[in-house]
Amino acid sequence: MMEISRINVYPVNGETIKANGNIGFNDAIVVAFKIIKSKKGELFVTFPSHSYEDNDGVTQYVNDVYFVDGSLREFVTESIIKAYHDEVDEKPAKRSYKRK
């Protein structure tokens, strides 16, 4: 069973990028993320990816980290957004969140 062992959120003053951070799973692996504000004002989470040019010279993007289970991705994303709101709403000064 995969469990979130920590979420670290580091808000930035960007117009589009709202925070950088990382999330730990089972105290065994840590994955970086960014929180982005869409043009509609909604927040979403991005995970590491890279780009390349295909045979037609068009830039393509490939996720380096992805979730096979959509419900796990939803849970992780919601947990990260909650941690972000906790951080920027200046609740008790915590940057690391343990979840069991």
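Predicted model: local features only at pLDDT ≥ 70, side-chain atom pairs only at ≥ 80, totals over all residues.

Trainee: Okay, strands to begin with. In which sense do E1 and E2 pair?
Mentor: Antiparallel, over 7 bridges. They form a hairpin with 5 residues between them.

Trainee: And what stands opposite isoleucine 7?
Mentor: Isoleucine 23, in E2.

Trainee: How many bridges do E2 and E3 have?
Mentor: There are 8, and that pairing is antiparallel as well. One of the bridges joins asparagine 20 to lysine 34 in E3. The hairpin of E2 and E3 has 3 residues between the strands, and asparagine 26 there takes a positive phi near 55 degrees.

Trainee: Why is E2 called largely enclosed?
Mentor: Because 7 of its 9 residues are buried.

Trainee: Switching to the core: how many residues are in the largest nonpolar one?
Mentor: It has 17, and those with the most contacts inside it include Ile7, Ile23, Phe33 and Val76. Strands E1, E2 and E3 and helix H1 each give two or more residues to this core. The largest share, 5 residues, comes from H1.

Trainee: What does valine 76 touch?
Mentor: Leaving out residues up to four places away in sequence, Val76 touches Ile4, Ile23, Phe25, Phe47 and Phe67.

Trainee: Which residues of H1 are buried?
Mentor: Among them are Val76, Ser79, Ile80, Ala83 and Glu87. In general, an α-helix has 3.6 residues a turn, so residues three or four places apart point the same way.

Trainee: What span should H1 have?
Mentor: At 1.5 Å a residue, its 19 residues should span 27 Å, and the end C-alpha atoms are 27 Å apart, so that agrees.

Methods. Residues numbered from 1 in each chain as written. Heavy atoms only, no water. Core = buried A, V, L, I, M, F, W, Y, C linked by side-chain atoms within 4.5 Å. Buried < 20%, exposed > 50% of the residue type's maximum accessible area, 1.4 Å probe, protein only. Helix = DSSP H or I, 4+ residues; strand = E, 2+ residues; numbered from the N terminus. Contact = heavy atoms within 4.5 Å. Expected span 1.5 Å × (residues − 1). Pairing = 2+ DSSP bridges.
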